[in-house]
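Here is a friendly briefing to read with the structure open beside you.

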Amino acid sequence: MASLSAALRVRVHAPWSATAWRDTVFVASGVPLQLAGWLILGSLWSFWTPVRVTPIVLLTFASVLLLLLALRPLTSWQRERCWAMLGFDIPRMPGFDGGRAWDVLRDLRSPELWRVLQYHLLVAPFLALGGLAVIGAWTAGLALATSATYAWAVHPGDPLAGHPQRVAVLTAAGVLLLVAAPWAAAGVRRLDARAASALLGPDRAKELQRRVEDLAEKRASVVDAADIERRRIERDLHDGAQQRLVSLALNLGLARETLTGVPDEAMRVIVEAHEEAKAALTELRDLIRGLHPAVLEDRGLDAALSGVAARVPLPVRLRVDIEPRASSTVEAVAYFVVSEALTNVVKHARANEVDVSVARGGDVLRVMVRDDGAGGADPSAGTGLTGLARRVRSVDGTFRITSPAGGPTTVTVELPCAL
């Protein structure tokens with residue numbers, strides 16, 4: 001495999017290969033653009049002579065101004081050159097591109113402007129020297145490799161014709177230059193592409209930061225949309241299905257209490273239907289509370305968690321201190337953390353009491369649930385802790401659990417108060 005890869009590289013960089021000529025044309029075409037910055041700076045100095053005594057400061061200012069006005073066209077041509085010859089797209093920079101050529105003068109402290117200047121005045125001249133070296137290698141190699149033919153066929157009387165050893169050395173040197181020129185062109189091409197991408201395109205660190213911020217905004221929008229949808233479903237169930245179940249249970253209860261002379265089998269059916277309706281109503285209420293309890297939105301996290309603690313068949317010490325209130329999405333996550341944690345305590349912990357603390361410190365909402373149960377809680381054992389941690393991470397929160405064998409078990413969650 002290594003030998004095949006080496007052979008492929010040699011073939012790609014052969015003097016007659018299309019890649020070699022593409023790289024050569026690319027680096028050669030960049031020489032005028034890469035020298036343009038210094039040529040522009042030096043163009044006005046041709047007007048200065050000791051006789052005219054043209055103010056040096058004025059010439060310097062005019063040269064710098066002319067360079068700044070030429071930056072956008074030069075940068076655009078460099079990008080077009082990379083795209084046309086290499087298929088390499090360099091994105092535009094919002095802080096530099098767009099508008100008219102003289103708009104670049106409005107913010108001379110722009111980091112993008114100074115990165116572009118760094119390319120055109122510092123990096124580009126060295127790339128131009130590399131391009132000139134590649135052109136020189138091709139030219140000298142071709143001249144030296146054909147020196148014997150020139151001496152013997154064109155000028156038989158040339159001094160080289162009588163010195164075959166010199167001709168052989170010159171020819172060998174020419175062949176070596178022709179072999180080395182494609183490799184040199186490929187090296188300059190890679191350096192040029194990397195420099196252009198780093199200095200003529202968006203800053204990678206800032207672009208990554210922008211993408212992270214954009215993803216965070218999208219994530220927050222998705223979380224908010226899911227929370228709004230849960231509230232809508234909760235209202236629909238509360239105002240629709242729950243009311244019909246209440247009416248059905250009420251009618252069945254009235255029938256059960258008031259009907260007389262009904263066969264025992266029919267009465268048994270009415271009783272069973274009444275009990276099933278009440279059970280369904282209880283399950284629906286639990287489902288509604290699980291989606292989004294109305295008391296959480298109306299009266300806040302303290303009242304909602306007090307209701308959860310009251311339904312737990314264990315002593316629960318609850319402390320809530322969250323003034324000012326966090327965002328509604330974060331409060332919903334905190335509510336579900338406490339509710340799910342208490343459910344796990346009742347089902348698995350064999351605890352005697354539970355401590356719940358919800359406190360706000362700065363921009364962080366800290367939730368802690370601690371029980372004196374058997375411990376040994378494992379998030380991978382299917383106790384709902386994995387889903388709980390996933391919900392916490394959906395709002396950029398942190399989830400930690402310590403549960404040694406024999407207890408106690410402590411679940412600690414930290415949530416940002418604002419998304």
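In this predicted model, strand S1 (residues 316-321), helix H11 (residues 328-349) and strand S2 (residues 354-361) make a left-handed β-α-β unit. Handedness here has a set meaning: a crossover is right-handed if, with the strands pointing away from the viewer, the path from the first strand over the helix to the second runs clockwise. Helices (H or I, at least four residues) and strands (E, at least two) are DSSP runs, numbered from the N terminus.

A word on the ground rules: residues are numbered from 1 along each chain as its sequence is written, and side-chain values use heavy atoms, with hydrogens and water left out. Because the model is predicted, local features need pLDDT of at least 70 and side-chain atom pairs count only at pLDDT 80 or more, while totals for chains, interfaces and linings use all residues.

**Strand pairing**

- S1 and S2 run parallel and are joined by six bridges; two strands pair if DSSP finds at least two bridges between them.
- Within that pair, Leu-318 stands opposite Val-356 in S2.
- S2 also pairs with strand S3 (residues 364-371), this time in the antiparallel sense over eight bridges.
- Ser-357 has Met-368 in S3 as its bridge partner.
- The hairpin of S2 and S3 has two residues between the strands, and Gly-362 in this hairpin takes a positive phi near 70°.
- Strand S4 (residues 398-402) and S5 pair in the antiparallel sense over five bridges, with Ile-401 opposite Val-411 in S5.
- The hairpin of S4 and S5 has six residues between the strands, and there Gly-406 takes a positive phi near 95°.

**Nonpolar cores**

- Which residues touch the most other members of the largest nonpolar core? They are Val-358 and Leu-415, in a core of 39 residues.
- A nonpolar core is a set of buried Ala, Val, Leu, Ile, Met, Phe, Trp, Tyr and Cys residues joined through side-chain atoms within 4.5 Å. Buried means under 20% relative accessible area, exposed over 50%, and partly exposed in between (1.4 Å probe, protein chains only).
- The elements that give two or more residues to this core are helix H10 (301-311), H11, S2, S3, helix H12 (385-393) and strand S5 (409-416).
- H11 gives the most to this core, with twelve residues.
- A second, separate core of 32 residues includes Val-27, Ile-40, Leu-127 and Val-134.

- Ser-197 lies in helix H6 (residues 164-199) and counts as buried because its relative accessibility is 18%.
- Along the sequence Ser-197 is 108 residues from Asp-89, yet their C-alpha atoms are 8.6 Å apart in space. Leaving aside neighbours within four places in sequence, Ser-197 is in contact with Phe-88, Ile-90 and Arg-204.
- Is Gly-201 buried or exposed? Gly-201 is buried, because its relative accessibility is 1%; this glycine is found in the loop between H6 and helix H7 (204-258).
- Gly-201 and Met-93 are also 108 residues apart in sequence, with 5.9 Å between their C-alpha atoms. Not counting residues up to four places away in sequence, Gly-201 touches Ile-90, Pro-91, Met-93, Arg-115 and Ala-196.
- Arg-370, in strand S3, is partly exposed, with a relative accessible area of 36%.
- The C-alpha atoms of Arg-370 and Val-411 are separated by 6.4 Å, and these residues are 41 apart along the chain. Among the residues that Arg-370 touches, not counting those up to four places away in sequence, are Glu-353, Asp-355, Pro-408 and Thr-410.

**The whole chain**

- The protein chain has twelve helices and five strands, and buried residues make up 37% of its 419 residues.
- Among contacts between residues at least 6 apart in sequence, 70% join residues at least 24 apart.
- For "transmembrane region", an unreviewed UniProt entry lists residues 25-47, 53-71, 119-145 and 165-185; such annotations may be inferred rather than shown by experiment.
- Residues 119-145 are 100% helix and 0% strand, and the end C-alpha atoms of this span lie 36 Å apart.

Terms used:
Contact = heavy atoms within 4.5 Å.
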